[in-house]
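The following exercises are to be worked with the sequence and the coordinates at hand. Each task is followed by a solution in steps.

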Amino acid sequence: MIGTIARKEILANLLSYKFYVVILLAAVLVGTSLFIMARDFKDRQADYGLIRPKPGEPIAVNPPNPLAVFAKGLDESMARSYEIGPTGITVRAGQKSGNAVFALFPTPDFLFIVRVVLSLVALLFGFDQISREKEGGTLRLMLANPASRGAVLLGKWLGNFISLAAPFLLVTGLGVAVLSLDPAIRFSPDQSLRLILILALALLYIALFLSLGMLVSALTRRASSSLVILLFAWALLVFVLPNLGTLAARQIVDVPSVRALSEKRQQIWTREILLRIRGQGDWASHVKAISAENDALEADYRLKFDRLVALSKNINRVSPVASFVYAATEIAGTGIGEEGALKKEVVRYKNRLIDRSLASPEGAGAGDPAFRYAYRPLDRVLAAGALFDIAWLAACGILFFALSYVAFVRYDVR
Amino acid sequence: MFRAIVGKEILGNILSFRFVVTLALLLVVVPVATFVLTGDYLKKISDASLRQAEIETYLRSYAHFNRIGNILQAAMPPLPAESLVRGLTADINISEFDNDPLPVMFPLVDLVFVVTILMSLVALIFAYDAVSGEKEDGTLKLMLANGLARPKVILAKIVGGGLTLLVPYVMALIVGLLVILVQPGVGWAGADWAALGLITLGTVLYVMLFYALGVFVSARHQASSASIMTSLLVWVLIVLVVPSLSPYVASFLAPTPSRIQVEREAQRLGDTERDDLGRKLEAERLRELAAKYPILAEEMSEADRKRLMERDPAAREAMEARRKAVQGAWDEANRVQGEKITAVRSAAAKKDAAQTALARTISMISPLAVFTYLATDLTSTGMKNQEYFGRMRGEWGRDFWAYARKKMAELQAKDPATDWWNTAVDMSDRPRFAFKEEPLGGRVQAALPGFLLLAGYGLVFFALAYVSFLRYDVR
């Protein structure tokens, strides 16, 4: 019975205007986004070819991450150049910092398309599932057959999920296939696995919004009110809640501003140079003092910042959309956790170079080891919170479906 | 008759379920957002004064002219308008080690967001069945069976519908303003109110534009369920996609040289290459001097040289000439390399500016981008202000270095041993950077094309709605 209803839903979708508009939109957007972000990745990779340190140069640069094509996250900041000198780390930012328009609008990556557009599409598939058939009078006919309400609901859900997921996977698969033909974009086996995980996560996310759509549909009498409620809920979940949490957390946890930190660092090294000119202490002790004070600043900031991130994450997770973004970026290796790990690695690299140059001042720079950042392995990423986010996403989806079952059982189908 | 239809539209909307939901949503989102943003603004103010105090403390102990270039930096102070419009004021700090990743991951919710995303969505939700819905209900043909011209009906629908939309917005904004103004430490000047008034005018144009768009789409469809699909599709494209794509498209069409490479090159020119040139020039000039003052060529210890200078006026003159030659050589090296750096930087900056201008132009296909530029430029939180701030910073820098040269000359007149590197100077009388917002006139001038563009888009959508409605089959 479930199969029959699912098949009916798929056929009904295939014949509807909505299906074509929505699928066309999603296909065009996924395709455009992959094309644009792949081009962006290649540009950044070419840039990396120009700025990558020569052997022996005390510079740490992490190459752009090919998974940033799907989830850009913080890759821009992770691919900066960290130049290590006795007075600290000089950081240079890439291309995007020269054009303020980049900062005004969100990045149109695959994650954005899924997060904003596909969630909307899923709601448009779900919003009239029950109320439309009621208005059309077919709902009572269907239930006059020996079909349980649970079976009808599940059949509807499955049919719609398949008619959403199949074209989505098709388009994305095509996009990935075209990308993998490009010799400039290479995914390692580990990255391919991560990509599959991200796609699975996207399906979970779509399922969640479909369930939400069916829930509201089962709670309302008319399709038009269901749509109005859903569009407002969508705006809240996708745009408002995840973004307010970050600022709210900032008012609870006291974190020094990034500008204050930068100024502090400038003061530290300038002071030490002056003390050196006045002839107090030798060079090595000043370099050590600069390095130690900077590290103390960083350690203190990290501690507070991690607390801020943890709190803001927990507030933002009220909306499962935030969970989706956190999990997808962390799995792609462009999330907040990965960025912090990279910075920690840069600081460690700086200390190693400074120790070496102080140990043998004349041979400084000659045989400096090159910087190489190894991304955290997938199991650690999952353990560090991504798994929780995935579970939360799944739990919300199941909850919405269960509630829609409850609502549908009580629904007056006449 | 026209007034009767406007009245009917307004009443119909106000009594509808979506009106209640819109009002509730806006009454929650706007006050919460303004509350959080104002808290953040107040926090930024206290942070700015703390930072200023740190700099003052530092300068009391370590103020040397050649060592404070990186300490005394002009910084943009927080502006009162930031409790409503954030624009580019997020402290991302991407070119420093301490950057803030959070605003990159989750952009802020401010008034611009409320207008551009929420209000445009609301406008479409109200407008999608303006024509097709009445047709489905059968009231459209009844209405037109009276002695009513179609143009009047469509105009009345757009005016009445657009006006009702503004009611919940204005109510939410008033509550939001109360939330801002009851917090101590927030002071709004006349210009801030004027800017808010102009932004509200822009909001009217923006909402009307989307309402007209919704009516246009509605008049193209026979069924309102199809009309909402098309409306949402168009909305996603022009509100969400076009602005985000525009900077990327611009960066492909007008590429810029690698920024990191340019910066490294500038540093190399000002550092190692300048030192090489300075040493070379110094050696050349000293060789010339040695021919004139043989005494300079002699090897002697610092103490012997001092003693000799005290005894022998000729030696003193020679040493003075030597000091001048060294200073001259390094000034020359600084000048030559400084010109090179300026050339490299300005070439890159020109390309950056060209790309930015292109991105801005492309993005203006979308009314969202037009409104964003308009609102951020009016409140000094946008790209126009970045340029203005850059100019102010440049002026202050020139003032400061003029002051530094004057101060140095005074100090050297008192004590010839004073130099730029090693002498601590009391700089408490230095010119301080005080940011003054650009006068409202200039900001309005920058925003004017935005107003015209929004009005133009609105007229186009209105004309399209009008034509479609004339051809509409009302049966």
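Strands (E, at least two residues) and helices (H or I, at least four) are DSSP runs, numbered from the N terminus, and two strands pair if DSSP finds at least two bridges between them. The model is predicted: local features need pLDDT of at least 70 and side-chain atom pairs count only at pLDDT 80 or more, while totals for chains, interfaces and linings use all residues. Residues are numbered from 1 along each chain as its sequence is written, and chains are lettered from A and ligands numbered from 1 in the order in which they are written.

**Exercise 1.** Determine the strand order of the open three-stranded sheet in chain A.

*Solution.* Step one: the order is S1-S2-S3, and the pairing is antiparallel. Step two: S1 (59–61) and S3 (88–92) of chain A each have a single partner strand and stand at the edges, so one side of each lacks a neighbour in the sheet. Step three: with direction ignored, neighbouring strands are turned by 20 degrees against each other on average; the axes are lines fitted to C-alpha atoms. Step four: S1(A) pairs with S2 (residues 81–85) of chain A over three bridges, and A:Ile59 lies opposite A:Glu83 of S2(A).

**Exercise 2.** Compare the span of helix H11 (residues 258–277) of chain A with its expected value.

*Solution.* Step three: just after H11(A), A:Gly279 adopts a positive phi of about 85 degrees.

**Exercise 3.** Identify the residues that touch the most other members of the largest nonpolar core.

*Solution.* Step one: such a core is a set of buried Ala, Val, Leu, Ile, Met, Phe, Trp, Tyr and Cys residues joined through C-beta atoms within 7 Å, where buried means 20 or more other C-beta atoms within 10 Å of a residue's own, with C-beta atoms placed from the backbone. Step two: among the 209 residues of this core, the answer is B:Tyr211, B:Ala212 and B:Val215. Step three: helix H8 (residues 190–220) of chain B supplies the largest share, 17 residues.

**Exercise 4.** Describe the overall dimensions of chain B.

*Solution.* Step one: its C-alpha trace spans about 115 × 50 × 35 Å along the principal axes. Step two: the radius of gyration, taken over C-alpha atoms, is 32 Å, whereas a compact globule of 475 residues would have one near 23 Å (the rule is 2.2 Å times the number of residues to the power 0.38). Step three: chain B contains 16 helices and zero strands.

Terms used: Axes fitted to C-alpha atoms, helices over the stretch in contact; angles between N-to-C directions. Expected span 1.5 Å × (residues − 1). Buried ≥ 20, exposed ≤ 12 C-beta atoms within 10 Å, placed from the backbone.
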